[in-house]
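This briefing goes through the sheets, the chain contacts and some local backbone features of the entry shown below. Please keep the structure open while reading.

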Amino acid sequence: MDCIVTIEIGTGAIRVTAFDMNSGLLGSSKGTYPTFHARPDYSEQDPEQIFITMLYILKNFLNEKIHPQKHNIVSICFSSAMHSVITIDKYGAPIGNAMVWSDNRAKLEAEDLKNSELGKSIYKVTGTPLHAMSPLNKITWLKNNDNERFQATRKFLSIKAYIIQQLTDEYVIDHSVASATGLLNIHKLKWEEDALQRAGITKQHLPELVSVLYSPKSLKKEYQTLLGLHDKIKIIVGSSDGCMATLGAGVWGDGKATITIEESGAVRVVGKEVIQDEKQRIFNYVLTEGNYVSGGPTNNAGSTFEWFAKQFGDFTRDYELEECIENLIIDAGKVSPGSEGLLFLPYLQGERAPIWNANARGVYFGLNIKHELKHFIRATIEGVLFAFFSIGKTLQEHRGFKSLSANGTYASYPLLTQIIADIFNLPVHIKMNSGSDSVACGGFLLSATEIGMYKSLDEAAQKVKLVANFHPDFHNHSTYMKYFEIFERLGVKLYDEFGAIARLQQDN
Amino acid sequence: MNQNVLKRDCKELHAFPHIIEFAYKKNNTIQFDSLKRETSEFLRLYYVIDGRFDWIIDNQHHILYPGDLAVIFPGQSFGGEKDLLDIGTVSWLHLGLKLSPAGAMELGRWTRLNEGECRNIFKILLLNPTPVLPKVKEAATLFQTISTELLKQEIGFTARINQTIDELFILIARQLSRQNNARRDFPKSFLMLEESLRANLSHHWTVEEMAALVGLGITAFTEKVKNYTGFSPLNYLINIRISEAIKLLKRQDVNVTDIALDTGFYSSQHFATTFKKLTGYTPSEFRKKNITPTE
């Protein structure tokens with residue numbers, strides 16, 4: 001039987017998934033690698049560890065699930081997290097670790113650029129918000145703060161570009177991952193000269209730009225032998241995981257948006273046009289030429305739930321974290337919408353869209369003597385989802401949508417999905433239970449389109465079967481809106497106090 | 001409760017050459033210079049039963065309350081903040097340690113803990129950033145048992161005392177590793193473990209050692225690692241070894257045998273076999289073929 005394999009290089013894990021040609025799941029396997037924080041603002045990963053984990057997981061997966069069944073692999077499609085930087089020396093070897101999206105050391109470089117005229121024009125053409133996450137600012141940071149490493153660097157790669165280079169010897173970066181570097185002109189799909197200049201590099205320092213459908217010539221001989229793959233198999237460089245998840249969630253065309261709730265989260269729409277936001281709150285990334293995924297990311301989604309569960313969950317009976325979270329969610333269901341007047345701002349790790357304030361911090365507001373643990377639980381959930389709503393609201397200033405598709409680990413809890421429907425006052429669709437995540441599914445659809453199974457990505461996206469399980473309750477919606485109004489005001493009002501408390505925390 | 005302060009060479013300690021001093025002391029008066037800051041070459045355990053004690057341990061100020069236990073290593077300084085013993089009840093044990101030929105601390109022949117267990121216990125103790133363990137309630141009974149047995153010297157007291165000291169070590173090690181980790185945050189504990197593995201990659205780690213550092217039993221540890229990482233503990237370790245080896249191979253200045261030993265393989269043969277199995281290359285082929293000049 002023919003099959004398609006996808007490889008996701010995520011923030012903390014590699015996931016390999018195989019589909020039959022009807023998008024049925026044949027199997028999937030995962031391997032993790034750590035993120036190191038050598039200093040408070042640093043988030044780094046070991047590129048060789050990512051590579052070897054990928055190789056190991058892929059090899060075992062093929063040997064256990066694919067080769068014994070004599071499945072014939074038609075293509076292998078990659079995707080990866082955005083915003084990573086690996087510096088490569090003149091021998092092609094990495095210097096130091098990879099800086100990943102959550103690495104925050106370039107925050108001053110970002111702020112400096114954001115407040116300048118140059119920054120405004122760079123945002124306009126690159127579509128990437130001017131934030132410490134963007135490789136533009138990370139490379140600028142290296143230039144200003146670690147000049148020895150900067151000078152020794154011959155190529156600045158993304159993690160995926162590095163993995164592909166290791167496997168095939170080609171230095172390439174797809175338009176999608178490139179569009180999240182802050183260095184790419186997303187209208188012309190060329191490196192943007194002003195941005196390169198700001199970072200102090202030339203296009204020779206970057207890999208060659210290719211389409212997300214590009215296929216490197218072949219795997220190196222040794223890897224073909226190791227993995228048992230012949231050289232007819234099409235390797236597709238693929239896109240970023242965010243774009244892939246949007247396609248895989250079946251969100252394509254007008255009137256739809258997707259909400260992803262993993263450790264961090266995002267609200268996204270897809271369109272033929274770039275959204276130009278005067279306040280620079282929205283990202284625009286390229287999925288394929290002429291298709292843009294626009295939206296806003298939040299730092300505080302699943303990570304906030306996990307934080308809460310670790311601090312306040314009941315572990316006395318040997319519960320695992322997931323079990324503990326499930327129990328908390330049951331208790332949250334016992335409280336009515338609005339948490340009886342308790343409100344939560346979830347900015348434990350600062351916030352990106354729409355307020356883009358690294359100093360923002362968590363707040364419980366409105367606490368009174370009657371509030372119990374269960375109110376805190378519900379308020380925490382509602383606060384996180386209010387943050388998603390404020391991203392959605394910002395997007396709707398530019399482009400309306402009438403339905404939502406929810407995906408990611410935390411979107412599958414019915415209580416959360418219902419609260420999303422009520423807060424947004426929109427029907428929420430979730431994918432029919434197929435066992436595969438949206439990123440892998442997006443990889444399948446992209447590959448299937450490339451080999452001609454579908455005429456276009458539009459047609460491919462139609463194939464994703466969604467069910468509308470959650471309809472909004474208008475009464476709940478109006479309750480939520482009364483609280484959201486206060487939520488939104490607090491986020492703005494506390495700007496100076498956030499700054500003051502963040503400074504104190506820095507000194508500790 | 002009877003109180004006693006027993007020092008080496010007193011008759012009660014004749015059967016215990018490893019015990020340098022044991023005390024169970026109720027202190028009612030303040031005496032100057034009763035607890036001067038000193039460094040010693042033995043291990044010191046202090047357990048607070050009653051009162052509040054201001055101590056300087058390894059140049060850090062600590063305040064101990066009932067139930068708190070301080071562990072002071074050979075070479076660390078220890079004494080009262082004002083060089084005196086505060087009012088209250090405290091029990092202590094000074095224990096002579098042996099040094100193995102490799103320089104590791106060992107308890108000696110009296111213990112029933114096996115060599116691996118001892119090694120793990122000291123590893124956990126040494127990795128612990130603070131010398132004070134809060135609220136070790138179970139330790140109260142153990143110190144009391146030692147005290148009573150020493151005074152009464154009834155039949156079997158030697159075995160009972162040595163066994164109780166073993167129990168004390170087990171209690172401390174378990175409490176420490178649970179405190180560091182526990183179920184709440186396995187990813188965090190696992191990251192700490194990964195950092196320890198990387199810091200000492202040439203060591204031939206066993207699953208038992210790794211599990212002990214995370215504060216779990218071997219079975220639970222193996223299962224959790226598999227769930228969390230997708231690999232068995234030993235395969236995960238091999239991943240780290242090979243990642244480091246790749247880094248060293250890409251630099252031209254380290255020879256393959258040194259890389260093998262530095263990254264924890266038994267021999268260059270063992271390294272070559274594992275490397276080939278995982279990457280499809282022998283180490284020297286990899287070195288030759290994976291240099292891709294960027295210019």
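Helices and strands here are DSSP runs, helices (H or I) of at least four residues and strands (E) of at least two, numbered from the N terminus. By that numbering, Pro354(A) falls in the loop between β18 (343–346) and β19 (362–365) of chain A. The model is predicted. Chain A holds an open sheet of seven strands and an open sheet of four, and 42 of its residues are in contact with 37 residues of chain B.

**Seven-stranded sheet**

- The strand order of this open sheet in chain A is β16-β17-β15-β14-β20-β21-β22, and the pairing is mixed.
- Its edge strands are β16 (283–288) and β22 (466–470) of chain A, each of which pairs on one side only.
- From one strand to the next, the twist averages 35°.
- Strand β21 (residues 428–431) of chain A runs antiparallel to β22(A), and four bridges join the two.
- Within this pair, Val428(A) is placed opposite Phe470(A) of β22(A).

- At its edges are β4 (44–45) and β8 (155–157) of chain A, each pairing on one side only.
- Strand β6 (residues 85–88) of chain A is joined to β8(A) by three bridges, and the two run antiparallel.
- Ile88(A) has Lys155(A) as its bridge partner in β8(A).
- Helix α1(A) lies across β4, β6 and β7 of chain A, at about 75° to β7(A).
- Helix α4 (residues 135–145) of chain A lies across β6, β7 and β8 of chain A, at about 45° to β6(A).

**Surroundings of Asn97(A)**

- Asn97(A) belongs to strand β7 (residues 94–99) of chain A.
- The side chains of Asn97(A) and Glu44(A) make a polar contact of 3.4 Å.
- Apart from neighbours within four places in sequence, the residues in contact with Asn97(A) are Phe36(A), Glu44(A), Gln45(A), Asp46(A), Pro47(A), Val85(A) and Arg149(A).

**Interface of chain A and chain B**

- The two chains bury about 3,300 Å² between them, with 50% of this area on carbon and sulfur atoms.
- Ile52(A), Tyr56(A) and Glu222(A) account for 20% of the area that chain A buries against chain B, more than any other three residues.
- Four salt bridges are found across the interface of chain A and chain B.
- Glu222(A) forms a salt bridge with Lys289(B), in which the closest N and O atoms are 2.8 Å apart.
- Across the interface of chain A and chain B there are also 13 residue pairs in polar contact, both residues being at pLDDT 80 or more.
- On the side of chain A that touches chain B, at least two residues each come from β3 (25–32), α1 (47–66), α6 (159–168), α9 (221–227) and α11 (302–312) of chain A.
- The largest share of that side, eight residues, is supplied by α1(A).
- Sorted by class, the side of chain A that touches chain B has 18 nonpolar, ten polar and 14 charged residues.

**Local backbone features**

- Most residues other than glycine have a negative phi, and most peptide bonds are trans.
- The peptide bond between Ala353(A) and Pro354(A) is cis, with omega about -10°.
- Leu189(A), a residue other than glycine, has a positive phi, near 55°.
- Leu189(A) is in the loop between β10 (184–185) and β11 (190–191) of chain A.

Definitions and conventions
Residues are numbered from 1 along each chain as its sequence is written. Chains are lettered from A and ligands numbered from 1 in the order in which they are written. This is a predicted model: local features need pLDDT of at least 70, side-chain atom pairs count only at pLDDT 80 or more; totals for chains, interfaces and linings use all residues. Side-chain values use heavy atoms; hydrogens and water are left out. Two strands pair if DSSP finds at least two bridges between them. Axes are lines fitted to C-alpha atoms, for helices over the stretch in contact, and angles run from 0 to 180 degrees between N-to-C directions. Contact means heavy atoms within 4.5 Å. Buried area is the accessible area (1.4 Å probe) that two parts lose on being put together, summed over both. A salt bridge is a side-chain nitrogen of Lys or Arg within 4 Å of a carboxyl oxygen of Asp or Glu. A polar contact is a pair of N or O atoms within 3.5 Å; within protein, one must be able to donate a hydrogen and the other to accept it, and residues adjacent in sequence count only if both atoms are side-chain atoms. Ala, Val, Leu, Ile, Met, Phe, Trp, Tyr, Cys and Pro count as nonpolar, Asp, Glu, Lys and Arg as charged, and the others, Gly among them, as polar.
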